[in-house]
Amino acid sequence: MNQPLAYVHPGAKIAKNVVIEPFTTIHNNVEIGEGTWIGSNVTIMEGARIGKNCNIFPGAVISAVPQDLKFGGEDSLAIIGDNSTVRECVTINRGTIASGQTKIGKNCLIMATAHIAHDCHIGDNAIIVNGVALAGHVTVGDFAIIGGLAAIHQFISIGDHAMISGGSLVRKDVPPFTKAAKEPLSYVGINSIGLRRRGFTPEKIREIQDIYRILYQKNYNTTQALSLIEAEMEATPERDEIILFIRNSSRGIMKGYTGIY
């Protein structure tokens with residue numbers, strides 16, 4: 001903490017065992033939790049709330065004002081949950097009046113040069129790979145993985161346990177448990193390997209596959225498919241999560257890709 005070559009504003013609230021490396025600047029109205037390491041040449045601006053045991057690598061800029069012409073200087077936050085890692089040259093903008101905060105959950109990995117814009121909400125255990133660009137108001141679910149250099153349109157929702165291939169252009173919502181690839185972005189199966197790694201049983205994985213077969217492979221429109229899923233599939237948390245996600249989608253969900261089957 002007592003690093004003479006770093007600047008820490010007197011109004012910042014820094015836990016006693018935080019390590020701050022040389023040439024880092026920490027502004028007023030910043031809170032950093034116990035056990036966190038802040039690398040060299042990091043800039044942490046007003047409104048940052050960084051949890052316990054985080055690692056912020058050199059060159060990162062946390063809680064800069066939004067790149068939004070409507071932003072009026074309102075108070076807002078950029079929140080990073082406990083045990084998360086932010087790699088080199090990541091930029092995380094704080095929120096606007098729309099939601100008041102940009103939020104990254106616990107145990108997340110944000111890889112080098114990724115950009116997370118204002119009012120994005122990222123769940124726990126998510127991985128945002130190198131060079132990913134999230135526009136404003138994007139929602140990313142728990143355990144989601146977004147491949148390198150993917151570009152995510154504003155107001156997009158990405159479901160829990162979804163996996164998006166590198167270089168993708170994401171213009172439609174990506175439902176939970178799925179894999180997304182191709183151009184235009186399409187359904188290419190469920191994230192079965194990721195689900196197995198996270199303890200989903202073979203029976204549960206087959207249930208999720210059956211739901212998406214109805215949605216993407218039976219030539220029903222979305223309304224028909226949802227009605228059939230509700231009528232024929234047993235009510236489970238996963239089934240209900242998929243149905244609720246699709247019904248709440250404001251941009252519509254990605255389409256199927258028949259060439260994969």
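Buried, in this talk, means under 20% relative accessible area. Exposed means over 50%, and partly exposed is what falls in between. Keep that in mind, please. And note that the model is predicted.

Glu238 and Lys204 are both buried. Their side chains meet in a salt bridge, at 2.8 Å from N to O. Glu238 belongs to helix 4, residues 237-247, and Lys204 belongs to helix 2, so this pair ties together parts that are 34 residues apart in sequence. There is a third partner here. Glu207 joins Lys204 and Glu238 in a network of salt bridges.

How many salt bridges are there in the model? The count is ten. I'll show two others.

One involves Glu203 and Arg206. Their closest N and O atoms are 3.7 Å apart. Both sit in helix 2, residues 202-217, three residues apart, so about one helical turn separates them. An α-helix has 3.6 residues a turn, so residues three or four places apart point the same way. As for accessibility, Arg206 is partly exposed, with a relative accessible area of 45%.

The other involves Asp240 and Arg239. This salt bridge is 2.8 Å from N to O. Asp240 is partly exposed, at 36% relative accessibility. Arg239 has 9%, and because buried means under 20%, Arg239 counts as buried.

Now to helix 4 as a whole. Which residues of helix 4 are buried? They are Glu238, Arg239, Ile242, Ile243, Phe245 and Ile246. Seen down the helix axis, these buried residues fall within an arc of 165°, so they line one face of helix 4. Turn to the other side of the helix, and Pro237 and Leu244 are exposed. What do the buried residues of helix 4 pack against? Three elements: strand 23, residues 157-158; helix 2; and helix 3, residues 222-232.

Strand 23 takes us to a sheet. It is an open sheet of eight strands. The order is 2-5-8-11-14-17-20-23, and the pairing is parallel. Which strands stand at the edges? Strand 2, residues 13-14, and strand 23 do. Each has a single partner strand, so one side of each is left without a neighbour in the sheet.

Look inside that sheet for a moment. Strand 14 covers residues 101-104, and strand 17 covers residues 121-122. They run parallel, joined by two bridges. For Lys103, the bridge partner in strand 17 is His121.

Strand 7, residues 43-44, runs parallel to strand 10, residues 61-64, with two bridges between them. Ile44 has Ile62 in strand 10 as its bridge partner. Strand 10 also pairs with strand 13, residues 91-93. That pairing is parallel too, over three bridges. There, Ala64 stands opposite Asn93 of strand 13.

On to the pockets. The largest pocket holds about 230 Å³ of space. Its lining has 13 residues. Which lie nearest the centre of the largest pocket? Leu215, Tyr216, Tyr220, Lys255 and Gly256 do. Helix 2 and strand 28, residues 255-256, are the elements that give two or more residues to this lining. Helix 2 gives the most, with three.

The peptide bond from Glu183 to Pro184 is cis, with omega near 0°. Pro184 sits in the loop between strand 26, residues 178-181, and strand 27, residues 186-190.

Asn29 has a positive phi, near 60°, in a residue other than glycine. Where does Asn29 lie? In the loop between strand 4, residues 25-26, and strand 5, residues 31-32. Asn29 is partly exposed, with a relative accessible area of 32%.

Asn107 also has a positive phi, of about 60°, although it is not a glycine. Asn107 is in the loop between strand 14 and strand 15, residues 109-110. At a relative accessible area of 38%, Asn107 is partly exposed.

To close, go back to the opening pair. Thank you.

Technical notes
Residues are numbered from 1 along each chain as its sequence is written. This is a predicted model: local features need pLDDT of at least 70, side-chain atom pairs count only at pLDDT 80 or more; totals for chains, interfaces and linings use all residues. Side-chain values use heavy atoms; hydrogens and water are left out. A salt bridge is a side-chain nitrogen of Lys or Arg within 4 Å of a carboxyl oxygen of Asp or Glu. Helices (H or I, at least four residues) and strands (E, at least two) are DSSP runs, numbered from the N terminus. Buried means under 20% relative accessible area, exposed over 50%, partly exposed in between (1.4 Å probe, protein chains only). The arc is that of the directions from the helix axis to the C-beta atoms. Contact means heavy atoms within 4.5 Å. Two strands pair if DSSP finds at least two bridges between them. On a 1 Å grid over the protein atoms alone, a cavity is a set of points where a 1.4 Å probe fits but cannot get out, and a pocket is an open set with protein on both sides within 12 Å along at least five of seven lines; lining residues have an atom within 4 Å of a point. Grid points are joined across faces, edges and corners, and a volume is the space filled by probe spheres set on the points.
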